[in-house]
Amino acid sequence: MKAIHLGLRQRRSPALESSFFDPEMPAEWRVAYLLNEQDALWVAGDDPDVETVLAELDDSPNAVFVVVEDAAWSAAWQSLADAGRHAIVRLGDDTPVWRPEGGDQPAVVGLVPASDQPADLHAWLSAFLDQAPAEAALFVEGEPPSVATVDRLRTLVELMGR
């Protein structure tokens with residue numbers, strides 16, 4: 001059985017910060033809160049909270065699938081990857097990323113647009129799983145980020161017995 005992890009591509013979006021997180025929540029708590037809701041995390045090259053992310057991953061009781069863009073990569077990420085507790089993918093220019101609109105190259109990371117159409121989500125999830133290795137992560141991209149799409153995908157994964 002394949003392990004599929006789900007998350008948001010734009011986790012630091014101002015729209016997400018104003019609609020998903022409690023406005024009174026301190027910024028340094030947001031990563032921990034997000035990790036309670038999702039088991040995949042995307043770290044962009046320009047994310048200013050990389051140290052917070054690393055600390056939260058160190059304290060996380062659950063394994064997390066983390067995609068780290070090349071520009072954010074550091075010795076700390078390599079050390080975390082070497083520890084083997086979390087699945088860490090270093091995303092470089094040559095790293096394949098699956099998308100619904102094409103590409104036959106197998107990928108461990110996928111991106112889908114936000115959608116409320118169950119048929120599209122099911123088709124995309126099935127196609128991603130067909131090409132994915134034993135453990136992979138599918139992220140919802142778009143501005144504003146769609147927590148609802150992640151939740152719909154999670155429901156589909158459960159219904160599919162994954």
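Trainee: Among contacts in the protein chain between residues at least 6 apart in sequence, what percentage join residues at least 24 apart?

Mentor: Contact means heavy atoms within 4.5 Å. In this chain, 66% of the contacts between residues at least 6 apart in sequence link residues at least 24 apart. Please note that this is a predicted model, in which local features need pLDDT of at least 70 and side-chain atom pairs count only at pLDDT 80 or more, whereas totals for chains, interfaces and linings use all residues. Residues are numbered from 1 along each chain as its sequence is written, and side-chain values use heavy atoms, with hydrogens and water left out.

Trainee: How many helices and strands does the protein chain have?

Mentor: Helices (H or I, at least four residues) and strands (E, at least two) are DSSP runs, numbered from the N terminus. Here there are 6 helices and 7 strands, and their order along the sequence is β-α-α-β-α-β-α-β-β-β-α-β-α.

Trainee: How does the radius of gyration of the protein chain agree with that of a compact globule?

Mentor: The radius is taken over C-alpha atoms, and the globule rule is 2.2 Å times the number of residues to the power 0.38. For 162 residues a compact globule would have a radius near 15 Å, and the chain agrees, with 15 Å. The C-alpha trace spans about 35 × 35 × 30 Å along its principal axes.

Trainee: At what angle do helix H3 and helix H4 pack?

Mentor: Axes are lines fitted to C-alpha atoms, for helices over the stretch in contact, and angles run from 0 to 180 degrees between N-to-C directions. Helix H3 (residues 50-59) and helix H4 (residues 75-83) pack at about 20°, with axes 11 Å apart. That makes H3 roughly parallel to H4; angles under 35 degrees count as roughly parallel, over 145 as roughly antiparallel, 65 to 115 as roughly perpendicular and the rest as oblique.

Trainee: Which residues of H3 and H4 meet?

Mentor: Val50, Val53, Leu54 and Leu57 in H3 meet Ala76, Trp77 and Leu80 in H4. The residues of this contact divide into 7 nonpolar, no polar and no charged (Ala, Val, Leu, Ile, Met, Phe, Trp, Tyr, Cys and Pro count as nonpolar, Asp, Glu, Lys and Arg as charged, and the others, Gly among them, as polar).

Trainee: How do H2 and H3 pack?

Mentor: Helix H2 (residues 30-37) packs on H3 at an angle of about 50°, with the axes 9 Å apart. H2 and H3 are therefore oblique to each other. In this contact, Val31, Ala32 and Leu35 of H2 meet Thr52, Val53, Glu56 and Leu57 of H3; the residues divide into 5 nonpolar, 1 polar and 1 charged.

Trainee: Is Val53 buried or exposed?

Mentor: Buried means under 20% relative accessible area, exposed over 50%, and partly exposed in between (1.4 Å probe, protein chains only). Val53 has 0% relative accessibility and therefore counts as buried. Leaving aside residues up to four places away in sequence, Val53 touches Arg11, Val31, Leu41, Val43 and Trp77. Over the whole protein chain, 44% of the 162 residues count as buried.

Trainee: Which peptide bond is cis?

Mentor: The bond from Glu143 to Pro144 is cis, with omega near 5°. Pro144 is placed in the loop between strand E7 (135-141) and helix H6 (147-159).
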